[in-house]
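Please keep the sequence and the 3D view at hand.

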Amino acid sequence: MNYSLLKKVIELLEEFEASDKSQKVEDFTIWLNNKLFSRDQKNVHTHHDDLLIPFKIMMLNKELKKQTKIILSNSELTSIDEYSFLLHLSYQESFRKMELIDLHNLEPPTGIEIIKRLLKNGLIEEFADDKDKRAKRIKANQKGIEELRRIKPAIDLIFLEFTKPLNLNEKIQLSGFLNKLISRMDS
């Protein structure tokens, strides 16, 4: 039996113990992952590999939109963006229009169209901002809250099923990776 791999693991473990006093396997695993796959390493990958990640994220987004469209077809809401706007409005007393649009990372004309549809369907209300008379605020009204209560359980089920193949650790890691990508968009 060849023990070269085991010898390499022992060398890495000794290096870890010299740099970190932790005795947890989890900490060693994280350290090893960072050591082997950090940006400083000259891991062989292609430009094609980098393009696969955004492509896969787009595919997942399209699948979620497709699945939620079925539920939204029997709703006052016509898109997942409308659902998300209304959901965020239900969490807070009100938003300035541009605050809500920026929160969703949308272009102003697109966000304004979503708000217009929600207003037209009577799901939200618009009113003047007390602090800035030029700005308008919006809030979910009773009809909007009731519509949200009606469809939210079905949407939540889609989102839960979407991540079902992942265990808790994988969900936490994926969320961390996505946060890292999102934070780069903001800078």
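Beyond its neighbours within four places in sequence, Leu89 is in contact (heavy atoms within 4.5 Å) with Phe95, Leu100, Ile124, Ile138, Lys139 and Ala140. This is a predicted model, where local features need pLDDT of at least 70 and side-chain atom pairs count only at pLDDT 80 or more, while totals for chains, interfaces and linings use all residues. Residues are numbered from 1 along each chain as its sequence is written, and side-chain values use heavy atoms, leaving out hydrogens and water.

Leu89 is also among the residues with the most contacts inside the largest nonpolar core, together with Leu77, Tyr83, Phe85, Leu118 and Ile124. That core has 25 residues; such a core is a set of buried Ala, Val, Leu, Ile, Met, Phe, Trp, Tyr and Cys residues joined through side-chain atoms within 4.5 Å.

Helices here are DSSP runs (H or I, at least four residues), and strands are E runs of at least two. With six residues, α4 gives the most to this core.

Now for Arg137, which sits in strand β3. Is Arg137 buried or exposed? Arg137 counts as buried because its relative accessible area is 18%, and buried means under 20% (exposed is over 50%, partly exposed in between; 1.4 Å probe, protein chains only).
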